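Here are my notes for you, written as numbered points. Keep the model open while you read and look up each spot as it comes along.

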Amino acid sequence: MYRFFAGPEQFRDGKVFLATEEAYHLRKVLRLESGTMVRVFNGRGHEYQVQLTVETSGRVWGQVVAEIDVLKEPKLKVTLAQGLAKREKNELVVQKATEIGVQAVIPVACERSVVKLSRKSTREDRLRRAAREAAKQCGRAVVPVVEPACAFRDLPARFNAFDAVLLCWEEEGSTDLKRALQQLRRQPLENLLVLVGPEGGFTLAEVHTAREHGARSVSLGPRILRTETAGLVALTAILYEFDELEP
Ligand code: SAH
């Protein structure tokens, strides 16, 4: 059964009204007609079986027939603070992190980010779209939150909202991710923030600031990973270590 996205605000009185883009795709590409049963998820963890009505005007809405069981979400909520890189890379990271099971992504403008914070609204739209499309494709009923991009200096103030903060640092010589996670497992852990630097990496000052605010720096191994690889490796390893990749 085809799957579509519609935010909670698009549901009214047992009906769901699809956005123009989804409606267009449904009519022109998939050529679905009135009466077809589809699935519609709201991005906040609910999914419904819906019977379509395709109006001649092009408007598409559906009658909600039943609520459907959704995929299990990881119990451990991982937020990825990703150093801003070139555009396609950010989109790739959001797409893949959504598939793997991230809870939220915070794009972060670091000292060595080539891309700066300007023109951010279109960029955020693209990133949110990447998250939505990836959730649609991979079967998640939750669309990870893509937060507004923030400057690195504003990040430490948010550390308190997390049970633990890990900063991936290629120069970390003693603590690797596995060891850090094994230590963290001794206490109840619900949400975790993972920081990954941009193409040029974190500056020493950024590493020190993060540590002073309680972040632990961790190594992801002896090889230097590209920024778009590092967050995905960290996310996968964390979810694996916490048994979140079981069927
Ligand atoms: N400073 C470097 C590489 C930056 S890699 C240079 O330009 O040579 C980009 C980001 O990926 C880093 O900031 C870090 O967060 C992460 N990263 C890459 N390889 C890593 C490793 N082996 N261990 C931990 N983090 C790593």
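This is a predicted model: local features need pLDDT of at least 70, side-chain atom pairs count only at pLDDT 80 or more; totals for chains, interfaces and linings use all residues.

1. Now, which residue has a backbone N or O atom 3.3 Å from a nitrogen atom of the ligand? That one is W169. Since the cut-off for a polar contact is 3.5 Å, the W169 pair falls within it.

2. Two other contacts are worth a look. L220 also uses its backbone, with an N or O atom 2.8 Å from a nitrogen atom of the ligand. E170 uses its side chain instead: an N or O atom there is 2.8 Å from a nitrogen atom of the ligand. As for how covered the ligand is, it exposes 560 Å² when taken alone, and the protein buries 84% of that.

3. Step back to the whole shell. There are 19 residues around the ligand, and the ones that come nearest are C168, E170, L220, G221 and R223. By class, the shell divides into 10 nonpolar, six polar and three charged residues.

4. Next, the empty space inside. Rolling a probe the size of a water molecule over the atoms shows where such space is left.

5. Who lines the largest cavity? Look for Q82, L84, N90, V93, V94, V105, P107 and L127. Two elements give two or more residues to this lining, namely α2 (87-100) and β8 (104-109). Of the elements, α2 gives the most, with three residues. The lining has six nonpolar and two polar residues, and no charged ones.

6. Finally, check two backbone angles. D13 is not a glycine, yet its phi is positive, near 50 degrees. You'll find D13 in the loop between β2 (11-12) and β3 (15-17). Is D13 buried or exposed? Its relative accessibility is 74%, so D13 counts as exposed.

7. R31 is the other one. Its phi is positive too, at about 55 degrees, although R31 is not a glycine. R31 sits in the loop between α1 (20-29) and β4 (37-41). With a relative accessible area of 63%, R31 is exposed.

Definitions and conventions. Residues are numbered from 1 along each chain as its sequence is written. Side-chain values use heavy atoms; hydrogens and water are left out. A residue is near a molecule or strand if one of its heavy atoms lies within 4 Å of it. A polar contact is a pair of N or O atoms within 3.5 Å; within protein, one must be able to donate a hydrogen and the other to accept it, and residues adjacent in sequence count only if both atoms are side-chain atoms. Accessible areas come from the Shrake-Rupley method with a 1.4 Å probe; for residues, only the protein chains shown count as cover. Ala, Val, Leu, Ile, Met, Phe, Trp, Tyr, Cys and Pro count as nonpolar, Asp, Glu, Lys and Arg as charged, and the others, Gly among them, as polar. On a 1 Å grid over the protein atoms alone, a cavity is a set of points where a 1.4 Å probe fits but cannot get out, and a pocket is an open set with protein on both sides within 12 Å along at least five of seven lines; lining residues have an atom within 4 Å of a point. Helices (H or I, at least four residues) and strands (E, at least two) are DSSP runs, numbered from the N terminus. Buried means under 20% relative accessible area, exposed over 50%, partly exposed in between (1.4 Å probe, protein chains only).
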